Amino acid sequence: MSSSPFARFRPRPVDVEFGNEPRDWTGAHTHDHTELCLIAEGSGKLLSDNDTFPLKRGDMALINRNAKHDICFYGADVLFYSVAVADLGAPEEDILKNRRFCIIPSSDAYGILRACFSGLAEEKKTVANYGADISERLLQVILLYAMRMADTEMNLPSGRNRVYAQAKEYINIRYSEPDVIKRLCESLDINSGYLAHLFRQMGGPSPVVCIARKRVELARKLLASTDAGVSEIAARCGYHDTPYFCRVFKKYTSFTPLQFRYNSRSKS
């Protein structure tokens, strides 16, 4: 028997939309969060990669974070729910591993899924006690049914994946701070050896490389857009040793910081 993916992380709904009127195309767009959409009544269409896919009563669409898409709804009795989800604990917060979206016919689970989506919409409108806890548990039920019925592999995490996702999020936010790996390990109560091993297991670049790439990208922007000196930029990127910063910058760009600044401005 498989263990619950929610033993170590708690996905939460950050926005819930409810609609009972037809909605035309609004223009292809992306979201910062995973989107779950249920067609409770009526019909619709999902646009992705310039192709449209039909949606019927009972269909649930799962759409990855940052996947470009659009959805329209139509029919005299149209009713739809849309939930934005955060804290999935998956690497890069993508709920689907190999696809940007999938459409799941709810079939026999239609009644309970509709009740869960409706419950999320009701909790959004109230300020009653335990509202956040109830919403999280309703969302968990929806996600568990999605995992059961989806025809593609979903990216909900094990405990190892969760630590990796937390580490990636920490690096993405705090990469320019000094001693970032030491502070990251302290915040997750792990050691640097395990952190490096975890990143190798997940098949991505090492924590050191992730941090260096983020810092160099910041340095590129500062060199191109400001007149700050190289030492100041090094410090703002988390390096107190300016020569070392220059070596790292050249490793990833093939230029010294001053060469990069000259080249970027001579092209403009």
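Accessible areas here come from the Shrake-Rupley method with a 1.4 Å probe, and for residues only the protein chains shown count as cover. On that basis the protein chain exposes about 14500 Å², 49% of it belonging to carbon and sulfur atoms.

This is a predicted model: local features need pLDDT of at least 70, side-chain atom pairs count only at pLDDT 80 or more, and totals for chains, interfaces and linings use all residues. Residues are numbered from 1 along each chain as its sequence is written, and side-chain values use heavy atoms, with hydrogens and water left out.

**Overall build**

The protein chain holds nine helices and six strands. Both are DSSP runs numbered from the N terminus: helices are H or I with at least four residues, strands E with at least two. Of the 268 residues, 44% are buried. Buried means under 20% relative accessible area, exposed over 50%, partly exposed in between (1.4 Å probe, protein chains only). Contact means heavy atoms within 4.5 Å. Among contacts between residues at least 6 apart in sequence, 76% join residues at least 24 apart.

**Helix α6**

Helix α6 covers residues 207-225, 19 residues in total. From first C-alpha to last it reaches 27 Å, close to the 27 Å expected at 1.5 Å a residue. The expected span is 1.5 Å times one less than the number of residues. Its buried residues include I211, R215 and L222.

Strands β2 (residues 34-48) and β3 (residues 51-55) pair in the antiparallel sense over five bridges. Strands pair if DSSP finds at least two bridges between them. K45 stands opposite P54 in β3. Two residues lie between the strands, and D49 takes a positive phi near 55°.

**Aromatic pairs**

The whole structure has eight aromatic pairs. Two of them are tabulated.

| Pair | Centre to centre | Angle between planes | Class |
|---|---|---|---|
| F73 and F80 | 3.8 Å | 5° | stacked |
| F245 and F249 | 6.0 Å | 50° | tilted |

Rings of Phe, Tyr and Trp (its six-membered ring) pair if their centres lie within 6.5 Å; planes under 30 degrees apart count as stacked, over 60 as edge-to-face and the rest as tilted. F73 counts as buried because its relative accessibility is 2%. F80 is buried too, at 3%. F245 and F249 are both buried. They lie in helix α8, four residues apart, about one turn of the helix. Y239, Y244, F245, F249 and F260 form one aromatic cluster.

**T242 in α8**

Helix α8 (residues 242-253) also contains T242. Leaving aside neighbours within four places in sequence, T242 is in contact with V230, S231 and A234. Its side chain makes a polar contact with the side chain of S231 at 3.3 Å. A polar contact is a pair of N or O atoms within 3.5 Å; within protein, one must be able to donate a hydrogen and the other to accept it, and residues adjacent in sequence count only if both atoms are side-chain atoms.
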